[in-house]
Amino acid sequence: MATLPRDDYLKILDTAAGLAQNGLTIFCWEPSKRYPRYEWANDVVIARTKMDRAELLGEHPTFLSIANNARLTDIAREHVDAGDESPFEVELTARDGITFWVECAVQALEPAPNGASRFVCASHVIDRRKAYQRHSRLMSAMADNAPAGIFIVRLRGADLLSPPVVYSNPTFSRMTGYTQDELEAGVYPRILGEDTNRRLVGEYAQAVLRGEPVVTELQHRRKDGTPFWAEVRAHPLETPTVHCAVVLLDTTARREAQDAMSLLTEGVAQASDFMIVTDDTLPSQDGPMILNVNRSFLEATGFSEAELIGKPYTVMYSPHNTPRMMGAIRTEIEADHSNYREVLAQRKDGTEFWIEFVDRPFVTRYGRRLRLMVGRDITLRRRSTNQIALLFAATEKAETPVAIYDANEDGELTLSYENEIAAKRQCYHLLELWSRDDAESRSTRRRLESGEYLVLTYTRSDEGGDSELVQMAARPVRNESRLEAVLTQERILATKGAETRSAHARVIELATMLPELDRAKGPAERIEALGVLLRGAFGASIERLTFSANGSVHIDEARRIAVFARDGVAARVTWPESLDRLGVTALRFAIEAALDET
């Protein structure tokens with residue numbers, strides 16, 4: 001076979017290379033040089049490097065000294081030395097600074113006569129491939145780091161309710177509890193909720209197979225069985241549909257918030273208190289304007305919602321409020337402060353009623369500034385307050401002593417109110433009685449604590465030695481568990497000197513105190529009540545005895561002693577020397593009344 005001269009081979013190579021789409025280059029690399037020399041390059045390489053042929057093929061490796069272009073020949077030499085003809089990728093920089101990626105393959109040639117190694121390099125630009133790879137990495141990173149759960153399933157030829165999962169992001173694993181390893185191993189995530197309509201899910205899958213996107217909201221369940229709600233967005237990835245991408249956005253918190261808001265809205269609508277929401281328009285600009293009112297306010301005023309929405313807040317106030325009051329409300333709103341007021345409101349028919357309200361500014365989660373007013377009808381309370389004020393004014397000027405005692409949880413009394421005459425006369429008999437530890441005190445305390453209304457009679461002396469027979473009415477106030485207060489009112493039954501007590505006064509005392517005996521139960525309690533009566537009416541003392549006589553009464557007027565017994569309970573009574581015969585007769589009557597249960 002005839003051998004063509006070398007120049008003819010180069011001409012043929014030039015012709016073929018001119019028609020090629022790829023860049024072709026022959027390098028000659030002397031061992032002592034840092035860079036190889038371009039021995040030959042086709043037009044594609046000349047155009048790509050933005051250099052003229054003479055400069056590129058010159059003795060000085062201008063192109064290889066730009067940026068990191070020397071990596072091309074360094075990697076190429078490694079492949080040649082290893083006999084590796086597989087392609088490699090490298091980023092190059094043209095003379096004008098534009099970078100581009102090429103994929104190269106090299107093959108060794110016969111060495112030059114001077115021993116320099118020679119190799120041919122074929123290359124083509126892969127900028128589109130690299131851009132696609134970069135785009136794919138970004139898309140993959142976006143899916144892997146998305147806040148929503150994303151998974152891809154193969155729909156065609158699969159069970160539409162459990163299609164195979166070909167991809168899932170970490171968020172999907174966190175949402176469902178299925179690990180990436182489980183999903184990659186073929187474990188299908190059973191995430192449809194117990195009450196989710198399977199037929200409807202199948203219809204959604206059929207729609208995606210037809211190329212239609214689907215947006216819905218379904219209840220799901222995690223691997224451990226706990227439920228959660230998610231918005232589902234499913235769309236096909238190709239035409240015809242083979243794969244489907246599904247995006248899950250957890251809406252559990254939103255649904256719970258919506259449910260809570262629905263409950264709150266309904267609660268506001270049903271609340272007995274008035275609730276009114278206004279905007280933040282200032283009073284100086286004819287605001288604030290009413291945005292929302294609840295049902296209670298509409299029912300109380302007779303207005304319809306349409307008659308109030310968009311109107312200034314002053315539409316609900318009576319024109320009979322004082323200018324000072326309305327000015328104070330406007331000032332607080334202008335300063336963005338809270339209001340607490342009691343004002344006159346006006347119904348649609350013009351009638352007026354009192355309301356107590358708290359009006360406060362607030363900011364919504366979206367940054368909108370509003371005001372909320374919560375109020376209630378206090379007309380009855382205001383009327384009661386006025387009546388109580390009148391009652392206290394009348395009580396304060398009353399001619400009879402009136403006092404109120406508060407009882408704490410330990411049962412101790414403290415004076416909380418007394419009118420003028422009570423303070424002047426120092427009428428504190430109940431406190432004195434409460435502080436004692438005797439039969440009369442214990443009986444009084446027990447009966448008041450049980451809620452019984454009492455009428456007691458006692459004697460009080462002033463500094464001049466005169467004494468008074470006083471009747472005290474005590475009315476207890478109880479809550480469900482204990483005594484809270486006692487109201488007392490006193491009146492003077494008789495006044496007498498210190499040296500004697502009139503028979504008339506003793507009869508009054510006896511008549512006043514005998515009803516106490518009727519309320520006593522059993523002999524022992526009747527004798528205890530008798531002791532209270534005898535001490536108060538006659539100044540007598542009583543002591544219990546132990547003999548068992550029954551039903552007898554023995555009175556020794558000379559010794560001022562009376563002994564009696566009833567049902568095994570006996571007692572001895574002694575009275576002071578100053579007690580006259582009528583008093584002794586009254587005393588005997590009292591003792592016999594205590595023993596008589598008929």
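**An open sheet, a helix and a buried histidine**

Five strands make an open, antiparallel sheet, ordered β12-β11-β15-β14-β13. Strands are DSSP runs of E, at least two residues, and helices are runs of H or I, at least four residues, numbered from the N terminus; two strands pair if DSSP finds at least two bridges between them. The model is predicted: local features need pLDDT of at least 70, side-chain atom pairs count only at pLDDT 80 or more, and totals for chains, interfaces and linings use all residues. Residues are numbered from 1 along each chain as its sequence is written, and side-chain values use heavy atoms, without hydrogens and water.

Biologist: Which strands stand at the edges of the sheet?

Modeller: The order is β12-β11-β15-β14-β13. An edge strand here has a single partner, so one side is left without a neighbour in the sheet. The edge strands are β12 (290-293) and β13 (339-346).

Biologist: Over how many bridges do β14 and β15 pair?

Modeller: β14 spans residues 352-363 and β15 residues 369-377. I355 has D377 of β15 as its bridge partner. The two strands pair in the antiparallel sense, and the count of bridges is nine.

Biologist: What angle does the direction of helix α12 make with that of β13?

Modeller: Helix α12 (residues 323-334) packs on the sheet and touches β13, β14 and β15. Axes are lines fitted to C-alpha atoms, for helices over the stretch in contact, and angles run from 0 to 180 degrees between N-to-C directions. With β13, the angle is about 130°.

Biologist: Why do the buried residues of α16 lie on the same side?

Modeller: In α16 (residues 439-449), E440, S441, S443, T444, R447 and L448 are buried (under 20% relative accessible area; exposed is over 50%, partly exposed in between; 1.4 Å probe, protein chains only). The arc is that of the directions from the helix axis to the C-beta atoms. These residues lie on the same side because they cover an arc of only 165°.

Biologist: Is D286 buried or exposed?

Modeller: D286 sits in the loop between β11 (274-278) and β12. Its C-alpha atom is 9.2 Å from that of T314, 28 residues apart along the chain. At 59% relative accessibility, D286 is exposed.

Biologist: What is the relative accessible area of H220?

Modeller: H220 lies in strand β8 (residues 214-221). Beyond four places in sequence, H220 has contacts (heavy atoms within 4.5 Å) that include I191, F228 and L248. H220 is buried, and its relative accessible area is 3%.
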